[in-house]
Amino acid sequence: MEAEVDKLELMKNPVTLLKELSAIKSRYQTLYARFKPVAVEQEETKSRICATVNKTMNVIQKLQKQTDLELSPLTKEEKTAAEQFKSHMPDL
């Protein structure tokens, strides 16, 4: 109830509303500046993982061709894990 009263008071007082908006904007900018490097690093790490997985897959395929061997079919658990991995890494 108290929160609703506070909201009503804010609506009645445009100056207070503008101050609140300014505070919210400032908080957003602070959080954005703080977490932007994390998002960039996360994206770079994801790209490196995808590149490594792709290189590994290529090496495996080349080895299979050179040795005339093929891997046995994936188990149900392995298929599930691969699907989950691919859903998180669409770049693969």
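Student: Which residue does the side chain of Arg-48 meet in a salt bridge?
Tutor: The structure has 1 salt bridge by the rule used here. To count, a side-chain nitrogen of Lys or Arg must lie within 4 Å of a carboxyl oxygen of Asp or Glu. For Arg-48 the N to O distance is 3.3 Å, and its partner is Glu-41.

Student: Is Glu-41 buried or partly exposed?
Tutor: Buried would need a relative accessible area under 20%. Glu-41 has 40%, so it is partly exposed.

Student: How is the aromatic pair of Tyr-28 and Tyr-32 arranged, stacked or edge-to-face?
Tutor: The structure holds 1 aromatic pair. Its rings, from Tyr-28 and Tyr-32, sit 6.1 Å apart centre to centre. Planes under 30 degrees apart count as stacked. With 25° between the planes, the pair is stacked.

Student: Which helix holds both Tyr-28 and Tyr-32?
Tutor: Tyr-28 is exposed, at 54% relative accessible area, and Tyr-32 is partly exposed, at 44%. The two residues are 4 apart, about one turn of the helix, and that helix, spanning residues 14–67, is α2.

Student: Which element has the lowest mean pLDDT?
Tutor: Across the protein chain the mean pLDDT is 86, with 96% of residues at 70 or more. Helix α2 has the highest mean of the elements, 91. Where pLDDT is low, predicted coordinates should not be read in detail. The lowest mean, 72, belongs to residues 2–12, helix α1.

Terms used:
Residues numbered from 1 in each chain as written. Predicted model: local features only at pLDDT ≥ 70, side-chain atom pairs only at ≥ 80, totals over all residues. Heavy atoms only, no water. Phe/Tyr/Trp six-rings, centres within 6.5 Å; stacked < 30°, edge-to-face > 60°. Buried < 20%, exposed > 50% of the residue type's maximum accessible area, 1.4 Å probe, protein only. pLDDT = per-residue confidence, 0-100.
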